[in-house]
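I opened the model and kept notes while looking things up. The entries follow in the order I made them.

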Amino acid sequence: MTASHESTPGLPPPSRQTGALSHLRVLDLSRVLAGPWCTQNLADMGADVIKIEKPGAGDDTRHWGPPYLDGDDGPTRQASYFAACNRNKRSVTVDIATAEGQKLVRELAQQSDVVIENYKTGSLKRYGLDYETLSALNPRLVYCSITGFGQTGPYAARPGYDLLVQAMSGLMSITGQPDGEPGGGPLRVGVAVIDLFTGMYATTAILGAIEARHHTGRGQRIDIALLDVAMAVLANQGAGYLNAGVVPTRQGNVHPSVVPYQDFPTRDGNMLLAIGNDGQFARFCEVADVDWARDERYATNSARVTHRDTLIPMMSDVTRAKSTHEWIGLLEAASVPCGPINNIGQAFADEHVQHRGLRVEQYRYATADRPAEDTVNRICSTASPLRLSDTPPTLRHAPPALGQHTDEVLRDCLGLGPQAVADLRTKGVL
């Protein structure tokens, strides 16, 4: 993905390359992170994503700051959080609490392939925007609902939040330093990983439903729950409990089944070693000038797991003898996986990250329905990691200003003229 510009004078035009999903229209009734993360994935691959937002307020994350976006005259009150997951979308403001607003959304759903929402279970039924109503109008519609606990079960009516689900799923019980050590106790992961995983699972489910539609001619309902996702991504830790009855505990940066696979102190800081097999361990020992690979207590991974309490202190004494930079140079030359422990600024400054183009810039321009006081024109985000050789992700729209595309979408999709749109805006529908 490369920097794009939305027809701004003096700047090159945005990419017009056809994306893999450019034939799909997605009506996005979601907000915050899990749903928007999903629809940004679809949008990056070319889908026309129409984001429905509440007039005057918009997505909650527009206000989740600081930090805030910079405008022409310095920091604004627009939170940078929104920019993380709303690229390539068109923003339309509609008050779905009004009958006319509900009618507009239903008409847009009739022209869409996918609807995605993350309201509380059953909430959209009273607006006539539930699956049963919309699928009757558009039988080909794929309707994805994201909730905390799913459409069924004793917790179905509860609101769900990433942090709550990290706690309930057991994820926090395996994240952080062990009890009794400095900083010990359960910890959340540093980003809302359950929301993000949920967005990715929702993306996969939607594409699966679209593929099934090619054969059946019909859409279907997708029920995605944060708790279901959180339990699924416990992966090997969950499998260990289910099959061996082992309840895992917090081990800090230590891997429960692979040794050595953790951080180590160096002369000037820390480094990360990710030694995944016996050959890599033998090569580490050769670089470090130690004979542990010939010791039966450490020669195999299973033995190293058993004897980690003696091995790790010895390794730490050795790694303190050189700087992080020295170790990385020596170990990379020996094909031993290792690396620095960067902060986010250092990560974006890394030469490989820069080579891969993982920081992208986009520009947005003034439109008839973009507020005059909105002075944010340049927005940065992290590029899509999806690399498709023939239909790569493209940048078409910067994260939009609230309601930036309302007039455009209602005109192009529903055929509403300027006066009709003005009347709806006067009534508070838009």
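Which residue in strand 6 does Ile50 stand opposite? I looked it up: Ile50 stands opposite Arg90. Before going on I noted the ground rules. This is a predicted model, in which local features need pLDDT of at least 70 and side-chain atom pairs count only at pLDDT 80 or more, while totals for chains, interfaces and linings use all residues. Residues are numbered from 1 along each chain as its sequence is written, and side-chain values use heavy atoms, with hydrogens and water left out.

**Entry: overall layout**

I counted 15 helices and 14 strands in the protein. Here helices (H or I, at least four residues) and strands (E, at least two) are DSSP runs numbered from the N terminus. The C-alpha trace spans about 80 × 55 × 40 Å along its principal axes. The protein divides into domain 1 (25-236 + 359-427) and domain 2 (261-342); such bounds come from an automatic or database domain assignment. I noted 43 Å between the centres of the two domains, taken over C-alpha atoms.

Of the 430 residues, 46% are buried. I use buried for under 20% relative accessible area, exposed for over 50%, and partly exposed for in between (1.4 Å probe, protein chains only). I also looked at contacts (heavy atoms within 4.5 Å). Among those between residues at least 6 apart in sequence, 69% join residues at least 24 apart.

I traced an open sheet of six strands, in the order 6-3-2-7-8-9, with parallel pairing. Strands count as paired if DSSP finds at least two bridges between them. Strand 6 and strand 9 (221-225) are the edges, each pairing on one side only. From one strand to the next the twist averages 20 degrees. Axes here are lines fitted to C-alpha atoms, for helices over the stretch in contact, and angles run from 0 to 180 degrees between N-to-C directions.

I then went through two of the pairings. Strand 3 (residues 48-53) joins strand 6 in the parallel sense over five bridges. Strand 2 (residues 25-29) runs parallel to strand 3, with four bridges between them, and there Val26 stands opposite Val49.

**Entry: what covers strand 6**

Is strand 6 mostly covered or uncovered? I found strand 6 (residues 89-93) mostly covered, with five of its five residues buried. In a regular strand the side chains alternate between the two faces of the sheet. Lys89, Ser91 and Thr93 on one side of strand 6 are buried, as are Arg90 and Val92 on the other.

Next I looked at helices against the sheet. Helix 14 (residues 406-414) lies across strand 2, strand 3 and strand 6, at about 95 degrees to strand 6. Helix 5 (residues 193-216) lies across strand 7 (114-117), strand 8 (142-147) and strand 9, and runs at about 165 degrees to strand 9.

**Entry: salt bridges**

I found 20 salt bridges in the structure, taking one to be a side-chain nitrogen of Lys or Arg within 4 Å of a carboxyl oxygen of Asp or Glu. One network of them links Arg25, Asp48, Arg90 and Glu408.

Glu107 and Lys103 meet at 2.6 Å, N to O; both lie in helix 2 (residues 99-110), four residues apart, about one turn of the helix. Glu107 is partly exposed at 25% relative accessibility, and Lys103 is partly exposed at 47%.

Asp130 forms a salt bridge with Lys125, with the closest N and O atoms 3.8 Å apart. Asp130 is buried at 8% relative accessibility, whereas Lys125 is exposed at 57%.

Glu326 forms a salt bridge with Arg267, the closest N and O atoms being 3.1 Å apart. Glu326 is in helix 11 (residues 324-333) and Arg267 in the loop between strand 10 (261-266) and strand 11 (269-274), so this pair ties together parts 59 residues apart in sequence. Glu326 is partly exposed at 35% relative accessibility, and Arg267 is exposed at 54%.

**Entry: cysteines**

How many disulfides does a search of the whole structure find? I got zero, with a disulfide taken as a pair of cysteine sulfur atoms within 2.5 Å. Cys285 is in no disulfide, and the nearest cysteine sulfur, that of Cys338, is 14 Å away. Cys285 is buried at 2% relative accessibility. For Cys380, the closest cysteine sulfur is in Cys85, and 16 Å is too far for a bond. Cys380 is partly exposed at 30% relative accessibility.
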